Each structure stands twice: as structure tokens, then as C-alpha cells.
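Hello,

Here is the structure I promised to hand over. My notes follow below.

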Amino acid sequence: MRGSLRDGETAGGFGGLTVPAEETGSSTAGLWSGPTITKKSTNHTHRQPTCICISAACAIRAARQGFIVEDGGIKKMQLGMIGLGKMGGNMVERLLRGGHQVAVFDLDPALTEKVGSAEGASAAASLQDLVSKLPAPRVLWVMVPAGKPTEDTLRTLAGLVQPGDILIDGGNSNFNDTKRRAAELAEKGIHLVDAGTSGGVWGLEVGYCLMVGGPDEAVRHCEPVFRTLAPENGYLHVGPSGAGHFTKMVHNGIEYGLLQAYAEGFEILHASDFPLDLHAIAGLWNHGSVVRSWLLELLERAYAAEGQDLERIRGWVADSGEGRWTVQTAIDLNVPAPVITLSLLSRFRSRQDESYGAQVIAALRNQFGGHAVKEAGAEPSDKIPN
């Protein structure tokens with residue numbers, strides 16, 4: 001058999017397919033009745049549900065292409081993960097639980113060794129080392145902050161991988177950057193798949209919602225990974241390169257509006273004269289109410305942990321970029337998006353200890369109408385000056 005393996009030798013960067021001695025001789029050593037092979041092959045015709053091939057050639061080919069063959073079909077893959085923060089590290093763990101084999105790299109060597117020491121994982125000393133551990137076509141998932149870290153990582157990988165390899169950007173990149181990068185990589189024969197990823201710290205246990213963009217063939221090749229990371233019905237190929245990140249951007253813009261609506265509603269409840277139990281109300285509204293949601297479940301948890309006055313938490317809210325991009329895209333497309341826009345602006349206001357703009361308004365009202373002003377340093381009061 002061409003490219004045969006020795007007795008007990010494994011195919012691929014990690015192993016996972018052991019070939020017995022009787023299958024390593026000539027190609028006529030016997031028929032091998034193996035699992036369903038779902039990857040296309042130009043040299044074999046596969047029948048469902050069982051693939052009957054001469055010797056183990058078909059299974060070895062699958063292993064060399066980054067798959068691990070199991071009874072019932074090709075379900076598992078070998079891939080690399082770059083960036084092992086709170087999202088990337090948990091994604092590696094979920095992939096390992098699903099039987100995949102993952103080579104890992106992070107700029108923090110200690111973190112790389114920690115994650116890479118798990119069963120089924122392999123720590124890489126550099127991006128070049130990471131690439132060398134994977135069989136072609138390689139699949140490398142980049143899970144680093146958007147902007148320069150992603151740009152630099154993809155550029156470095158572009159110089160290390162080969163035509164036909166697949167790079168997955170699972171971060172929150174701007175969809176315009178993704179379209180540009182995909183076109184640049186395509187000129188080198190490298191596929192870029194953009195995987196908008198939602199799930200946060202809960203994704204390890206409940207799964208990640210994946211909004212995937214990219215070439216059909218590359219996305220199909222990576223489906224075993226997507227289906228392991230996502231819950232049932234939690235993965236969708238939404239369109240060509242850039243579509244995944246575009247969909248995730250709008251998803252996050254909607255999240256801004258939802259959070260702001262809940263915040264305003266519960267602030268009104270909190271300010272009322274009624275002795276309301278906000279923890280109980282958050283729980284109540286998740287039973288039959290039209291405003292029930294996972295966010296309300298999380299608010300119920302927050303009230304249980306922090307108390308309804310939230311005294312430990314300052315009202316300072318960051319924005320990570322997608323809200324701004326959603327608003328700008330709405331402007332570019334002439335789409336009115338007042339709720340998302342105002343929710344973004346409210347976050348800006350939350351980060352001000354004092355609003356200079358409000359000071360200007362107060363000064364002007366005093367000048368043109370003699371309206372009262374509150375002196376700097378004065379004790380706050382519920383009384384509204386005229």
C-alpha cells in the first residue's frame with residue numbers, strides 16, 4: 001500500500017488511527033470495513049452508512065487530512081488554537097471533551113503549558129511549532145483580541161501555512177477587515193473562515209452560538225469542530241467571508257439595546273416608593289412573561305449575589321467596539337437605529353464622573369432664565385431646581 005504505516009504507527013500529528021500489521025503490506029492485503037466516511041474523496045466511492053475500501057488507505061487519508069476516524073463516521077478533528085484566554089481556553093476544553101485533539105499556543109508560556117498538558121492537547125512553543133504539529137490541510141483557530149493582535153497573528157500564520165489550509169478568526173473582528181483579509185489570503189490559496197462566537201464564560205457548559213462565514217468547502221471541512229462547540233441548532237453557516245462577523249456585530253448591537261432596556265426598567269422599579277423585591281421580580285418575569293430571557297436569569301443571579309442595591313458595583317460600562325460598528329453601519333446603510341445608538345451613548349455617559357455637557361446646559365439655563373444651579377461639591381438632593 002502506498003504510504004503504508006508500520007504496525008502500531010499512527011497517522012496525523014497526534015495519532016488517533018492505529019493500523020494493524022496485516023493492513024500495512026500490499027494494497028491487496030484485504031478489505032477493510034470501516035466507519036462512514038463523510039469527507040469527499042477523488043479516489044474512492046463511498047457508500048452509506050459504511051465505507052468499504054481496499055485496505056486502510058481511505059482511513060489513513062482521512063487521518064492525514066486532520067480527521068480522527070471513529071465508529072459511526074468521521075467525527076473528530078485535529079486543529080490548533082491560538083489564544084487561551086477565558087474564551088479560547090474554555091473552547092479548547094470543550095473540544096477536548098468532544099474527543100478532538102488540539103495543539104495550543106498562547107503568548108503566555110505558562111498558560112500554554114497548563115492548557116496543553118490536558119489529555120488530547122499538545123503545547124506548542126511558537127506559531128511555527130504549532131503549524132508543524134498539524135496535518136494538512138491544517139485548521140488553526142485564532143482567538144485573540146480584534147484589531148492589531150488578530151492582524152499580526154493572521155499575517156504571521158499566512159507565512160507559515162500552505163495553500164489549502166484553513167484559518168478561523170473566532171474573535172470580534174470588524175467584518176470589513178475580515179473581507180479584506182479573506183481576499184488577501186485567498187490569493188495565497190489559504191481559506192479564512194470567520195466565526196462570530198457568542199456564549200461568554202458559560203459557553204464551556206452550555207455551548208457557543210456560532211455565526212460562521214466563509215467558503216463552502218472550508219466551512220464544511222470544519223463542521224465537526226463547530227458542532228462540538230455549539231449546542232444543538234447553535235451553529236449556522238450564514239454566508240461568505242465576513243458574513244459571520246457582520247452577523248455577530250449586529251447581534252452585539254441588539255445586546256446593547258436589550259441591556260439598556262432592562263437597566264432602565266429596573267432603575268424605575270428601584271426608584272419607586274413601593275417595597276419591591278427586584279430579585280423576585282427578575283425571577284417572576286422569566287415565567288410566562290413576554291420579556292423573559294437568559295439575561296433576566298443572569299440578573300436574578302446577580303441580585304442574589306450582590307443584593308438589589310448593587311452597592312459593590314460602580315455604574316461604569318465599557319463598550320467593546322461592536323456597538324459602535326453597528327451604529328456606523330446603520331448610518332452607512334441609511335437604517336434608523338435609535339435604540340442601539342442611544343444605548344451606546346448611555347455607556348459613554350456612564351464613564352464620566354461629571355458631565356461637562358451637563359455643566360454647560362446648567363450654566364446656560366442660569367444665564368437665560370435665572371434657573372438655579374447646584375454648586376460643585378454640594379450634597380446631592382432629590383429636589384429638582386427650577
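**Helix packing and aromatic pairs**

The crossing of α9 and α11 is right-handed (the near helix is turned clockwise from the far one by less than a right angle). The model is predicted: local features need pLDDT of at least 70, side-chain atom pairs count only at pLDDT 80 or more, and totals for chains, interfaces and linings use all residues. Residues are numbered from 1 along each chain as its sequence is written, and side-chain values use heavy atoms, without hydrogens and water.

Helix α9 spans residues 243-271 and helix α11 residues 294-306. Helices are DSSP runs (H or I, at least four residues), as are strands (E, at least two), numbered from the N terminus. The two axes come within 11 Å and cross at roughly 45°. Axes are lines fitted to C-alpha atoms over the stretch in contact, with angles from 0 to 180 degrees between N-to-C directions.

Leu258, Leu259, Tyr262 and Phe266 in α9 meet Leu295, Leu296, Leu299 and Tyr303 in α11 (heavy atoms within 4.5 Å). The contact residues are eight nonpolar, no polar and no charged (Ala, Val, Leu, Ile, Met, Phe, Trp, Tyr, Cys and Pro count as nonpolar; Asp, Glu, Lys and Arg as charged; the others, Gly among them, as polar).

The whole structure holds six aromatic pairs (Phe, Tyr or Trp ring centres within 6.5 Å, using the six-membered ring of Trp). One of them, Trp141 with Phe226, is edge-to-face (planes over 60 degrees apart), at 6.0 Å centre to centre and 70° between the planes. Trp141 lies in strand β7 (residues 139-142) and Phe226 in helix α8 (residues 216-229), so the pair ties together parts 85 residues apart in sequence. Both Trp141 and Phe226 are buried (under 20% relative accessible area, 1.4 Å probe, protein chains only). Ring pairs also link Trp141, Phe226 and Tyr235 into a cluster.

Best wishes

Key
Phe/Tyr/Trp six-rings, centres within 6.5 Å; stacked < 30°, edge-to-face > 60°. Buried < 20%, exposed > 50% of the residue type's maximum accessible area, 1.4 Å probe, protein only.
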